[in-house]
Amino acid sequence: MEKQNIDWANLGFGYVQTDKRFVSNYKDGAWDEGTLTSDANIVLNECAGVLQYAQTIFEGMKAYTTEDGRIVVFRPDLNASRMADSARRLEMPVFPEDRFVEAVVETVAANESFVPPYGSGATLYIRPYMFGSNPVIGVKPASEYQFRIFATPVGPYFKGGVKPLTIRVSDFDRAAPHGTGHIKAGLNYAMSLHAIVSAHAEGYDENMYLDAATRTKVEETGGANFLFVTKDNKVVTPKSDSILPSITRRSLLHVAKEYLGLEVEEREVYLDEVKDFAECGLCGTAAVISPVGKIVDHGKEICLPSGMEKMGPITQKLYETLTGIQMGRIEAPEGWIKVIK
Ligand code: PLP
Ligand code: COI
């Protein structure tokens, strides 16, 4: 298979239209068979539920070319189950989890020429999503939905690749207690746009959101979970019912414990104790592990000892082990790798 003529090494995290996308429609209480299509556009009624009341959810995962030339996807079954949780919370029909994984396989296989080569630094980002498609004017769930998956080749989420980030403690909240922070709903991202635009305008790469109830505990950023390392090499991640259960974070905790023999802790993390950590990183599908060098809390700078030049040593080991597993250099735990071809 001849690859597309793309400058893989210089790709940012942007949209590149690929050949095929998967589409399935839900009507009269059932999903149709679904199909691949070349049409990247969607035509909707002006009153579609998604346009009026933001009834939309999504997922994100990546396909990789391994060292030995296979194409694989990382843990798509967990994206399928998280999307089912998101659907239930927004009163949307669940797209069956086994069919979700099959559709991911079909979409990646149909866009094989867009899967970046091994060692290029790029990957194929896979975006499943679902939205209410029929007219809805009273506030209620739609009765018709579309489930789609497209794929787009991407480079690093943060400009500058793995250079440590500077983030700020946000005055805006991302998610309320008992709200929707734990699911991947478009509405969580719409309401973060003002916060990210103003963070960028003030020279920060991202926002650290605190818990909305007490504003004392670390939650997550707009698109990634936090991971901290203590001075005695323990890996700590915030536990909260209002953050997205990151698949990368869950995988990294396993890697830390089982591959690197580190102690791990998932617990509430207070903003007050962040100054005592040795390393900090943002983890997610798009972010992979992006090191944080500095956190600014209303003018007060918290400078991580790992500094502004490179990742801390434990973050680096976690990064190498996780990406090694994803790219076939290190043996993966049972069931983590879905082989496309
Ligand atoms: N938190 C938020 C708000 C996200 O959007 C994402 C991205 O999906 C993550 C965390 C990381 O989750 P995952 O590792 O499953 O990609
Ligand atoms: C992902 O990592 O897949 C996400 O959805 C995060 C988003 C901010 C790009």
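**Ligands and domains**

Tutor: Start at ligand 2: one of its oxygen atoms lies 2.6 Å from a polar side-chain atom of Y125. That is a polar contact (a pair of N or O atoms within 3.5 Å; within protein, one must be able to donate a hydrogen and the other to accept it, and residues adjacent in sequence count only if both atoms are side-chain atoms). The model is predicted: local features need pLDDT of at least 70, side-chain atom pairs count only at pLDDT 80 or more, and totals for chains, interfaces and linings use all residues. Residues are numbered from 1 along each chain as its sequence is written, chains are lettered from A and ligands numbered from 1 in the order in which they are written, and side-chain values use heavy atoms, with hydrogens and water left out.

Student: Which residues surround ligand 2?
Tutor: F13, F58, G60, Y125, R127, Y157, K184, G223, T285 and A286. Near here means that a heavy atom of the residue lies within 4 Å of the molecule or strand.

Student: How far is A286 from an oxygen atom of ligand 2?
Tutor: A backbone N or O atom of A286 is 2.8 Å from that oxygen. For K184, an N or O atom in the side chain lies 2.7 Å from an oxygen atom of ligand 2.

Student: And ligand 1, how many residues surround it?
Tutor: 17, with Y189, E220, S246, T248 and T285 the closest. The K184 side chain has an N or O atom 2.8 Å from an oxygen atom of ligand 1. Y189 places a polar side-chain atom 2.5 Å from a ligand 1 oxygen. For T285, a polar side-chain atom also lies 2.5 Å from an oxygen atom of ligand 1.

Student: New topic. What are the domains?
Tutor: Domain 1 is 8–154 and domain 2 is 165–326. The bounds come from an automatic or database domain assignment.

Student: How much area do they bury?
Tutor: About 1700 Å², 65% of it on carbon and sulfur atoms. Buried area is the accessible area (1.4 Å probe) that two parts lose on being put together, summed over both. In domain 1, F58, F74 and R82 lose the most, together 35% of what that side buries.

Student: How many residue pairs are in polar contact across that interface?
Tutor: The rule finds 9, both residues at pLDDT 80 or more.
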